[in-house]
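Student: I would like to read this model feature by feature. Give me the general idea each time, then the case at hand.

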Amino acid sequence: MFSLNRRRALGLMGATAGSIVLPRFAIGQAARPSVTIAVQKITNNNTLDIWNEQSNVGERVFFPNFWEGLILRDWMGNQGPVPGLATEWKRLDDKTLELKLRQGVKFHNGDELTSDDVVFSFSAERVFGDTQPAGGKTIFEADHKPTTVKELPASVPGIGRRLWPSLAGIEAVDKYTVRFHNATPDVTLEGRLYSGGSQIANRRAWDEAASYADWARKPITTGPYMVGEYRPDVSLTLVAFDDYWGGRPPLEQIRFVEVPEVASRVNGLLSGEYDFACDLPPDQIAAVQNTSGFEVQSSTIWNHRVSVFNTQNPILADPLVRRAMTHSIDRKAIVDALWAGQTVIPAGLQFDSFKSSGMFVDGWAAPEFSPELARELLKQANYKGDPIPYRLLNNYYTNQTANAQIMVEMWRQVGLNVEIEMKENWGQIHDPQGVKGVRDWSASNTINDPITPMVVQFGPNGEVQQKKDWTNAELNELSVVMETSTDRALRRKAIGRMLEICEREDPVYQVLHQNAVFTGMKSSLNWKAAPAFAMDFRQGNWTN
């Protein structure tokens with residue numbers, strides 16, 4: 001059982017009093033600064049829906065300034081759980097979690113947060129559609145096409161069951177108490193609540209919206225900042241919400257501006273047009289740091305860069321070819337050349353945080369760099385040099401294009417003919433028309449458990465299987481074990497076997513390196529970067 005009171009544990013203030021949303025400039029309050037942040041991309045789906053926008057770029061604009069959950073992630077600390085819209089929680093049994101809501105919390109439209117909003121936020125209407133609480137079966141978009149403008153996008157029910165495979169329903173015990181009922185045991189219920197997707201939306205705002213698109217461009221949440229203006233592919237402006245339960249926000253507004261080119265982000269920062277420039281490659285650090293009045297903050301984060309294989313491709317259908325591709329990559333050379341040694345090669349799809357729960361598989365490593373083994377595997381596969389397409393975005397990820405060019409050359413040196421196909425967006429990357437082959441991706445640990453990213457991204461309802469890139473029957477069975485078992489030894493054995501399948505026997509991905517973020521900023525700003533894509537502009541991380 002776990003029960004924690006935020007006031008007792010963290011010494012923070014309780015909810016802000018008052019039922020009326022205050023104007024951003026109240027009498028006696030000093031004018032607050034505003035900031036402009038240059039980013040590579042604001043959102044991928046042109047919505048601000050936390051369930052629809054499951055991405056690294058979404059994390060940056062959503063957290064912790066806009067969307068909030070019952071349990072929050074400690075963005076500036078160890079990334080673990082802290083009280084949020086719920087002040088305390090406890091397990092009633094292996095399937096049931098009860099939470100007490102923070103009283104007096106206001107939504108951006110002035111409504112008070114109650115259990116009805118929580119029930120709605122995890123409802124069939126908002127998330128799950130007609131899906132059922134049972135893991136192991138893949139949910140495809142084609143089976144959930146909307147028929148009215150108010151229905152969910154086709155991808156959302158599948159994402160819902162990706163993050164909550166066995167959630168049976170939410171019970172409103174009273175106005176400020178809710179119970180989560182799972183169809184199966186689940187040791188990760190608390191973790192799922194602070195993972196991206198489980199944040200709380202206002203019921204009335206959804207009901208009043210004319211369409212899903214209207215609602216998703218300006219969701220009503222409880223965060224310290226609310227949507228002022230959203231211009232898809234151009235900018236997003238968040239403005240202070242002075243009735244925020246955590247205290248008056250320190251900024252008047254936060255403006256994210258989409259600037260795809262690295263050079264333009266750097267030049268805009270140094271000229272004073274932007275206060276922050278995100279996703280800088282290491283070779284741009286000196287240019288910023290050597291300019292008086294500017295600095296770069298950096299950190300490795302809970303995210304690994306990977307490449308994903310599509311086994312509908314007749315060449316990649318042979319696991320020997322995919323194995324050869326994984327052994328062709330000199331990961332250390334990539335880290336040294338593109339990252340100046342400022343990140344690391346992880347032990348496969350694992351994170352050090354798994355050690356705290358005894359779920360880290362010791363002795364595991366990414367596939368060894370062995371051109372000789374790669375050539376032998378290609379010989380066994382009778383590979384004849386047929387082209388393998390590599391669908392590529394232009395630096396959605398830091399150093400993405402340069403990384404792809406290096407890998408294509410490494411593959412060429414063992415006899416693999418990989419051809420880059422530049423694409424403009426993720427829709428083109430996933431387009432089922434034409435021949436797929438290799439694509440870039442990243443894998444995040446959003447819960448302190450190996451269920452993320454292994455099951456969440458590569459299991460039955462992971463994006464890889466929902467997009468029909470790859471599937472494996474044994475891995476899907478093991479995913480159910482990970483989702484339902486309370487036996488730590490059994491779960492640890494399962495994740496070990498899943499690593500063997502996904503990285504050795506039937507490769508679905510290849511891990512390249514742990515991701516790192518480099519943020520250029522004006523040195524005069526009293527702000528610290530989190531070890532994450534998220535940017536924290538709450539009280540406590542900004543001092544005027």
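**Strands, cores and charges**

Tutor: S8 and S9 run antiparallel and pair over six bridges. Two strands count as paired if DSSP finds at least two bridges between them. Helices (H or I, at least four residues) and strands (E, at least two) are DSSP runs, numbered from the N terminus.

Student: What should I know about the model itself?

Tutor: Residues are numbered from 1 along each chain as its sequence is written, and side-chain values use heavy atoms, with hydrogens and water left out. This is a predicted model, where local features need pLDDT of at least 70, side-chain atom pairs count only at pLDDT 80 or more, and totals for chains, interfaces and linings use all residues.

Student: Which residue in the turn between S8 and S9 has a positive phi?

Tutor: Aspartate 233, at about 70°. Three residues separate the two strands of this hairpin. Arginine 231 has serine 235 in S9 as its bridge partner.

Student: How many residues of strand S9 are buried?

Tutor: Six of its six residues, in the stretch 235-240. Buried means under 20% relative accessible area, exposed over 50%, partly exposed in between (1.4 Å probe, protein chains only). S9 also runs antiparallel to strand S10 (residues 253-258), joined by five bridges. There, leucine 238 has isoleucine 254 in S10 as its bridge partner.

Student: In what order do the strands of the sheet lie?

Tutor: The general idea comes first. Strands of a sheet pair through backbone hydrogen bonds, either parallel or antiparallel. Here 10 strands form an open sheet with mixed pairing, in the order S8-S9-S10-S1-S11-S16-S12-S15-S13-S14. Strand S8 (225-231) and strand S14 (418-423) are the edges, each pairing on one side only. Further in, strand S12 (residues 294-309) and strand S16 (residues 509-522) are antiparallel over 12 bridges.

Student: Which strands does helix H14 lie across?

Tutor: Helix H14 (residues 400-413) lies across S12, S13, S14, S15 and S16. The helix runs at about 165° to S13. Axes are lines fitted to C-alpha atoms, for helices over the stretch in contact (heavy atoms within 4.5 Å). Angles run from 0 to 180 degrees between N-to-C directions.

Student: Which residues have the most contacts inside the largest nonpolar core?

Tutor: In soluble globular proteins, nonpolar side chains tend to be buried together. A nonpolar core is a set of buried Ala, Val, Leu, Ile, Met, Phe, Trp, Tyr and Cys residues joined through side-chain atoms within 4.5 Å. The largest one has 78 residues, and Phe122, Phe180 and Phe537 have the most contacts inside it. Another core, of 40 residues, lies apart from it, with Val296, Ile329, Ala381 and Ala404 among its members.

Student: Where are the cis peptide bonds?

Tutor: One joins phenylalanine 63 and proline 64, with omega about -10°. Proline 64 sits in the loop between helix H2 (56-62) and strand S2 (71-73). Another runs from threonine 452 to proline 453, with omega near 10°. Proline 453 is in helix H16 (residues 451-458).

Student: Is glutamine 79 buried or exposed?

Tutor: Glutamine 79 is buried, at 2% relative accessibility. Its phi is near 70°, a positive value in a residue other than glycine. Asparagine 395 likewise has a positive phi, near 60°, but is partly exposed at 26%.

Student: How many salt bridges does the structure hold?

Tutor: Side chains of opposite charge can pair when their charged atoms come close. The structure holds 30 salt bridges (a side-chain nitrogen of Lys or Arg within 4 Å of a carboxyl oxygen of Asp or Glu). Glutamate 258 and lysine 41 form one, with the closest N and O atoms 3.4 Å apart. The two residues are 217 residues apart in the chain. Glutamate 258 is buried at 15%, and lysine 41 is buried at 19%.

Student: Which network includes Arg439?

Tutor: Salt bridges link Lys436, Arg439, Glu463 and Asp469. Within it, arginine 439 and glutamate 463 pair at 3.6 Å between the closest N and O atoms. Arginine 439 lies in strand S15 and glutamate 463 in helix H17 (residues 463-466), so the pair ties together parts 24 residues apart in sequence. Both residues, arginine 439 and glutamate 463, are buried.
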